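Q: Please take a close look at the metal site of this model. I would like a connected account of the residues that form the site and of where they sit in the fold.

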Amino acid sequence: MAKVSELGYLGIGASDTTAWQALATQVFGMQVIPGDDKATSYLRMDSHHHRLELRSSASDDLEFAGWEVPDAATLQAIAQQLEDGGVKVVAGTRDEADQRRVIGLVKCLDPSGIRTEIFYGHPVNPVPFLPARATSGFKTDGMGLGHILVHVPKLDECVRFYRDLLGFRISDFTDVSTPGGTIRLAFLHCNARHHSIAFIEAPGAPKRLNHIMFEGNSLADVGTGRDICLERGTPIAIDLGCHMNDRMVSFYLGCPSGYALEYGWGARMIDDATWQVEHYASVDSIWGHPQLRTLAGGGK
Ligand SMILES: [Fe+2]
C-alpha cells in the first residue's frame, strides 16, 4: 500500500502570534520567516522552507497537518486509497500549494475532523537554517518535524484511518484504568520516529492538540531550553523525565495557545522489520515527568 513518509508541516492558529514567535525563537531557536500576508508567518527548523505555518486565528489550535509522500505517483496512490476507503479527497489549488511551499497536495478530513493534507515536493531552502539561539538544531531528517498528540472522540476509527488509508504502523497502545473509566491512547509511526501522531480518546475535549513535540539534536539543547523557560517565566507543564514507550528525555512547557509543547531528545527509533506492538497500562515514565504521575488518579 502507499504510505506517507513523514509529518511535513503543521498549520497552527494562534491569537497571539507575537508571543508564539517569541517562545519559538527564544526557547527552541526556531527561525521566523515572513509570510505572504500579515496574518501568516512561518517557523523554520531545518532545510525546509518551514515546518510550522503560524496563522493569526482565535482557534488557538491545530488548523491542518501536512503529511509528506516522496512523489506525485505516491500522492495519487494515497488519494485513491482514501477514496476507496470512502474518504472525500479534494485536490489542493495552486495558491494553496504555493502557500505551503510544496509542489502538489490533496486534502481531506480525518475521522476526528482534522484537516489533513498529503503533499509532495517540499522546496529545500538554499539558505542554511540559522537557529535563533545557539542550538545544534532538530532531529528531522527522514523523521519529520516531530509528533502531535491529539484529542479525538473515537480512537478506533482514527487508528483505522491512519493505519489502513495512510499506511501508518502501530507503535503501542496505552489503556489506563481510572475510577472514572479507562483512558485510551494509541501511538502510530510512519518512519523510524517512534510516533508521529498519537491519539487520546477524549470526547468533548476543548482543543484538538494535547501537545506538539520537537526533538533536539542534543540533550544540552533541551536542558538550556528548560533554563530559558525558567528565566522567561514560561510555565513548565511537565518537568524532565523519560517516557516508557519512546524512551525520550523531555519536558513540556505551556504555549501561548493553551496546550503544551514537548522538547525532547534521545528517543529510541523503530525498525519495522523487528518491531512488535507494545501495550502499556500506565502513562508513568521510567523516571521523572512527575506531573504525569498525578494524572489518571495517581500512578506509582
Ligand atoms: Fe509527546
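A: His 147 has a relative accessibility of 2% and therefore counts as buried, the cut-off being under 20%. This value, like those that follow, comes from a predicted model. Glu 262 also counts as buried, because its relative accessibility is 1%.

Both residues are donors to the iron ion: His 147 coordinates through NE2 and Glu 262 through OE, and His 211 (NE2) is a further donor, at 2.0 to 2.1 Å. Along the sequence, the spacing of these donor residues reads H-x63-H-x50-E. His 147 belongs to strand S9 (residues 147-152), whereas Glu 262 belongs to strand S16 (residues 260-265); the pair therefore ties together parts that are 115 residues apart in sequence.

The fold also contains an open sheet of eight strands, with mixed pairing and the order S2-S3-S4-S1-S5-S8-S7-S6. Its edges are formed by strand S2 (31-34) and strand S6 (90-91), each of which pairs on one side only. Within this sheet, strand S1 (residues 6-14) runs parallel to strand S4 (residues 52-56), and five bridges join the two. Ala 14 has Ser 56 of S4 as its bridge partner. Helix H1 (residues 17-26) packs on the sheet, where it touches S1, S2, strand S3 (40-44) and S4. The direction of H1 makes about 155° with that of S4.

How values were computed
Residues are numbered from 1 along each chain as its sequence is written. This is a predicted model: local features need pLDDT of at least 70, side-chain atom pairs count only at pLDDT 80 or more; totals for chains, interfaces and linings use all residues. Side-chain values use heavy atoms; hydrogens and water are left out. Two strands pair if DSSP finds at least two bridges between them. Helices (H or I, at least four residues) and strands (E, at least two) are DSSP runs, numbered from the N terminus. Contact means heavy atoms within 4.5 Å. Axes are lines fitted to C-alpha atoms, for helices over the stretch in contact, and angles run from 0 to 180 degrees between N-to-C directions. Donors are N, O and S atoms within 2.8 Å of the metal (3.2 Å for Na, K and Ca); water is not among the atoms, so sites may look incomplete. Buried means under 20% relative accessible area, exposed over 50%, partly exposed in between (1.4 Å probe, protein chains only).
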